[in-house]
Amino acid sequence: MSDATIQLPTGAPGAQVLGIGAYRPRRVVTNDELSQVMDTNDEWIQTRVGIAERRWAGDGESLVEMSVAAGQQALDASGLTAAEVDLVIVASASLATQIPGAGPEVANRLGLGRPGAFDVNAGCAGFCYALSAAADAIRAGSARNALVVGAERLSDVTDQTDRSTAVIFADGAGAMVLGASDTPGVGPVVWGSDGDQRDAIAIPQGTEHITMAGQAVYRWATTKLTDVLQEAMDRAGVTAADIDVFAPHQANLRIIELMAKRLGLPESTVIARDIVQAGNTSSASVPLALAALQESGEAKTGDLCLVLGYGAGLTFAGQVLRMP
Ligand SMILES: CC(C)(COP(=O)(O)OP(=O)(O)OC[C@H]1O[C@@H](n2cnc3c(N)ncnc32)[C@H](O)[C@@H]1OP(=O)(O)O)[C@@H](O)C(=O)NCCC(=O)NCCS
């Protein structure tokens with residue numbers, strides 16, 4: 001038996017978000033358009049879910065192409081060169097082919113050299129899982145800078161005539177570039193899973209389309225996840241009064257507003273409502289929502305954000321981060 005000691009690199013004190021990017025597909029699908037092909041209406045969708053319109057991807061908007069566009073924007077915003085990124089994580093639940101994953105191709109198309117590259121599928125929680133993995137890799141010294149992408153083409157796996165899912169799910173990609181920092185810019189993750197509810201959101205084996213037990217997921221989200229958000233703040237050592245921006249997964253406007261109320265967020269906290277225009281883009285929803293708030297000027301550099309992803313699995317992951 002060798003008595004050699006395994007050496008570990010010295011990591012960074014913290015990781016921070018350096019840049020955010022977004023890609024929204026060209027085609028806008030309104031509630032009125034959907035009501036022509038299924039028994040639904042604008043009033044029901046706006047009142048129950050909060051969606052006014054969503055985007056569905058078309059030609060030239062593959063999951064990888066959208067990831068590359070969002071990734072390039074995040075990279076440009078970060079001020080880093082492509083060569084400085086040595087880790088790529090793509091979070092998605094709707095990749096058309098399982099082999100290979102999207103990560104290596106996204107890295108290659110962005111000209112990043114030979115970074116570590118892999119995919120994460122944690123349903124709609126995927127981006128926050130990947131964000132945590134990237135931040136921890138930087139802190140551990142396994143990576144210097146990382147690109148994290150959340151990308152979905154849920155329209156591919158949605159029965160576009162099924163009103164229980166087609167009015168909700170949508171497409172898009174969001175991305176963040178992370179780097180090392182002396183002061184932590186990404187807080188500890190609070191993540192977990194309730195696998196006994198694995199059938200609540202699924203593409204049942206042998207079928208092509210996603211199904212969702214909406215009421216069960218609603219109940220779970222509104223009874224279990226406020227505690228997760230509170231714990232994410234506690235573990236980061238901040239309180240509701242410190243939160244400038246609240247950007248949870250954009251699954252239902254009623255859930256978002258209920259969570260904000262239960263957490264006791266101050267009036268001044270900016271609440272992400274990207275769902276109104278973007279629908280539920282699963283693992284793309286958190287970075288897309290933050291990109292929109294940054295673009296509108298509602299979220300500013302240095303703002304403290306509380307984020308949360310949750311979905312199929314059932315899985316959840318939340319953390320606090322600082323806006324770049
Ligand atoms: C999906 C969701 C919007 C459905 O809303 P809901 O209020 O629970 O709706 P229900 O399924 O109870 O249906 C209520 C009624 O509306 C009808 N309905 C369902 N979908 C409809 C639609 N698209 N248009 C019009 N009517 C619809 C139902 O048939 C039902 O009619 P009934 O009362 O006559 O039987 C909601 O359950 C939800 O947001 N769940 C959580 C989703 C989530 O967080 N996912 C997370 C990860 S992706």
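Asp-136 is partly exposed at 35% relative accessibility, a class that sits between buried (under 20% relative accessible area) and exposed (over 50%), using a 1.4 Å probe and protein chains only. Its salt-bridge partner is Arg-139, with the closest N and O atoms 3.6 Å apart; a salt bridge here is a side-chain nitrogen of Lys or Arg within 4 Å of a carboxyl oxygen of Asp or Glu. Arg-139 is partly exposed too, at 46%. Both residues belong to helix α5 (residues 126-140), 3 residues apart, or about one turn of the helix. Helices (H or I, at least four residues) and strands (E, at least two) are DSSP runs, numbered from the N terminus.

Before going further, some ground rules. This is a predicted model, where local features need pLDDT of at least 70 and side-chain atom pairs count only at pLDDT 80 or more, while totals for chains, interfaces and linings use all residues. Residues are numbered from 1 along each chain as its sequence is written, and side-chain values use heavy atoms, with hydrogens and water left out.

Back to the charges. Side chains of opposite charge can pair when their charged atoms come close. A search of the whole structure turns up 9 salt bridges. One of them joins Glu-61 to Arg-26, with the closest N and O atoms 3.4 Å apart. Glu-61 sits in the loop between β3 (53-56) and α3 (63-78), and Arg-26 in the loop between β1 (14-23) and β2 (27-30), so this pair ties together parts that are 35 residues apart in sequence. Arg-153 is buried at 15%, and Asp-156 is partly exposed at 41%.

Now for the greasy parts. In soluble globular proteins, nonpolar side chains tend to be buried together. The largest nonpolar core has 47 residues, and those with the most contacts inside it are Leu-225, Phe-246, Leu-306 and Tyr-310. Such a core is a set of buried Ala, Val, Leu, Ile, Met, Phe, Trp, Tyr and Cys residues joined through side-chain atoms within 4.5 Å. The elements giving it two or more residues are α6 (214-236), α7 (253-263), β13 (304-311) and β14 (315-322), and the largest share, 8 residues, comes from α6. The core draws at least three residues from each of domain 1 (14-181) and domain 2 (190-322), bounds that come from an automatic or database domain assignment.

Pick out Phe-246 and, leaving aside neighbours within four places in sequence, you'll find contacts (heavy atoms within 4.5 Å) including Leu-229, Ile-256, Met-259, Val-270 and Leu-306. A second, separate core of 44 residues includes Leu-131, Val-186, Val-270 and Cys-305.

How do the domains sit together? Their centres, taken over C-alpha atoms, are 15 Å apart, and the contact takes 44 residues from domain 1 and 43 residues from domain 2.

Finally, the ligand. It is surrounded by 24 residues, the closest being Thr-40, Arg-48, Arg-163, Gln-215 and Asn-252, where counting as near takes a heavy atom within 4 Å. A side-chain N or O atom of Gln-215 lies 2.4 Å from a ligand oxygen. Arg-163 puts a polar side-chain atom 2.7 Å from a ligand oxygen, and Asn-252 has a side-chain N or O atom 2.7 Å from one.

How values were computed
A polar contact is a pair of N or O atoms within 3.5 Å; within protein, one must be able to donate a hydrogen and the other to accept it, and residues adjacent in sequence count only if both atoms are side-chain atoms.
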